[in-house]
Amino acid sequence: MVSEWNQIIGTIKAIGVWDIVDIAIVAVLIYQVIKLIRETRAMQLTKGLVSLLLLYFVAYNLNMKTVKFIMQNVVATGVLALVIVFQPELRRMLEYVAQTKLNKFSIFQSSQEKDSQLTSAWNDSISVIVHACEHLSKTKTGALIVLERETKLGEIIKTGTIVDAKPSDELIGNLFFVNSPLHDGAMIIRDGRIYASGCFLPLSQNYTISKEMGTRHRAALGMSENSDAVIVVVSEETGTISIAQGGVIERNFSIPQLEKRLRHEILRKKEGEQTKESSVKALLRKVKR
C-alpha cells in the first residue's frame, strides 16, 4: 500500500508546468464544445456516438469478431460521416471562433470616423424599425427583419432583391404589404440600411419548438442558428413581436422592450469598440510625448 502511494506521489511530482497547461487547454476545449452543442440535435448525435464507442470497446475486449469487424468499418468512415452530419454545428462553431477577440486586430478595424457614421446610421435605423414594427403589429402584417452583424449574409442576400435604401416607415410598410411581391421573404439590414428584401432564410431543424410558431418563426430561428444576426419577427396571426438570436427565440416583446433590446445588441458592441479604439489612440499619443 505504501509503495503504491509512493508511486502516485512520484507520478504527481513528475508532472511539469506544461503538462498542467496541456490538460487545462484540453479541458477548456471540451467544455466549449459541450457548451456549443448543448440543447441542439448535435447533443443527441453525440450521445449516439458515445454509445457506439462503448459498444466497440465491449466487443474488442470480449473478442466479438462480427461486431468488432462492423465497428472497425464504421470507425474507418466515421470522420467523413461526422463532418457531413455535424455540418451546421461545425459551421456555427467556426463562426463562434471568428467572433472572438482573435478577429479584433487593428488591421481589420475601420477608421474612427467611419465607425461613428455607422453607429449613427444604426441608431437612426433602429428607431425606424421599431416604429415600423409597432405599425405592423397593430395591423397584423407579417414581417421578418434580419439585422446583420459580423457574419456576412451574402448567400442569403442572393436569394432576394437588392434594395440598398435608407430605412423609412413607408418603405418597410410597402415591402411587407400583403400584395407586395417581396412580402413573403426576409428583409436584410446591413450597416443600418435596407440592403435586400424578399430573401429566403434556412428553416430551423429544431423539432422541439412550439407548434404555434409558423414558417416565419422557424426561418428566423434557423437564421439565428447559422449566424450572429438578430432577427425580428412580427406574427401575421397575432401581431406578436419576437426576436430570434443565437438559436433561441423570445416572444411577446413590447415596443419599448424591442427598442431596448435592439439598441443593446447592435449599438452596445459598436460603442464599446469605439471607446476602446479611442483609449488606445490616446495612450499612443501620450507615449509619443
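**Entry 1: Glu-134 and its partner**

I looked up Glu-134 and found a relative accessible area of 27%, which makes the residue partly exposed. I note here that the model is predicted. Which residue does Glu-134 form a salt bridge with? I found Lys-138, with the closest N and O atoms 3.7 Å apart. Lys-138 counts as exposed, at 66% relative accessibility. I then checked where the two sit along the chain. Both belong to helix α7, residues 112–138, and because they are 4 residues apart there, about one helical turn separates Glu-134 from Lys-138.

I went on to helix α11, which covers residues 255–288. Glu-259 forms a salt bridge with Arg-263, and I read 3.2 Å between the closest N and O atoms. The two residues are 4 apart in the helix, about one turn. Glu-259 is partly exposed at 28% relative accessibility, and Arg-263 is partly exposed at 22%.

Are Arg-261 and Glu-265 buried or exposed? Arg-261 has a relative accessible area of 17% and is buried. Glu-265 is also buried, at 11%. The cut-off for buried is under 20%, so both values fall below it.

I followed this pair further. Arg-261 and Glu-265 belong to a network of salt bridges that also takes in Arg-149 and Glu-250. For the whole model I noted a count of 9 salt bridges. As background, side chains of opposite charge can pair when their charged atoms come close.

**Entry 2: aromatic rings**

How many aromatic pairs does the model have? I noted 1 aromatic pair. Tyr-56 and Tyr-60 form this pair, with 6.3 Å from centre to centre and 35° between the planes, and the arrangement is tilted. Tyr-56 is partly exposed, at 24% relative accessibility.

I also looked for a charge over a ring. Arg-190 lies over the face of Tyr-195, at 4.7 Å from the ring centre.

**Entry 3: the sheet**

I traced an open sheet of 7 strands with mixed pairing, in the order β2-β4-β3-β1-β5-β6-β7. Which strands stand at the edges? They are β2 (161–165) and β7 (248–250); each has a single partner strand, so one side of each has no neighbour in the sheet. On average, neighbouring strands are turned by 20° against each other, direction ignored.

I picked one pairing to follow in detail. Strand β5, residues 230–234, pairs with strand β6, residues 241–245, in the antiparallel sense over 4 bridges. Within this pairing, Ile-231 stands opposite Ala-244 in β6.

**Entry 4: a helix on the sheet**

Last, I looked up what lies across these strands. Helix α10, residues 215–225, lies across β1 (143–147), β5, β6 and β7. I noted its direction as well: helix α10 runs at about 175° to β5.

Technical notes: Residues numbered from 1 in each chain as written. Predicted model: local features only at pLDDT ≥ 70, side-chain atom pairs only at ≥ 80, totals over all residues. Heavy atoms only, no water. Salt bridge = Lys/Arg side-chain N within 4 Å of Asp/Glu carboxyl O. Buried < 20%, exposed > 50% of the residue type's maximum accessible area, 1.4 Å probe, protein only. Phe/Tyr/Trp six-rings, centres within 6.5 Å; stacked < 30°, edge-to-face > 60°. Lys NZ or Arg CZ within 6 Å of the ring centre and 35° of its normal. Pairing = 2+ DSSP bridges. Axes fitted to C-alpha atoms, helices over the stretch in contact; angles between N-to-C directions. Contact = heavy atoms within 4.5 Å.
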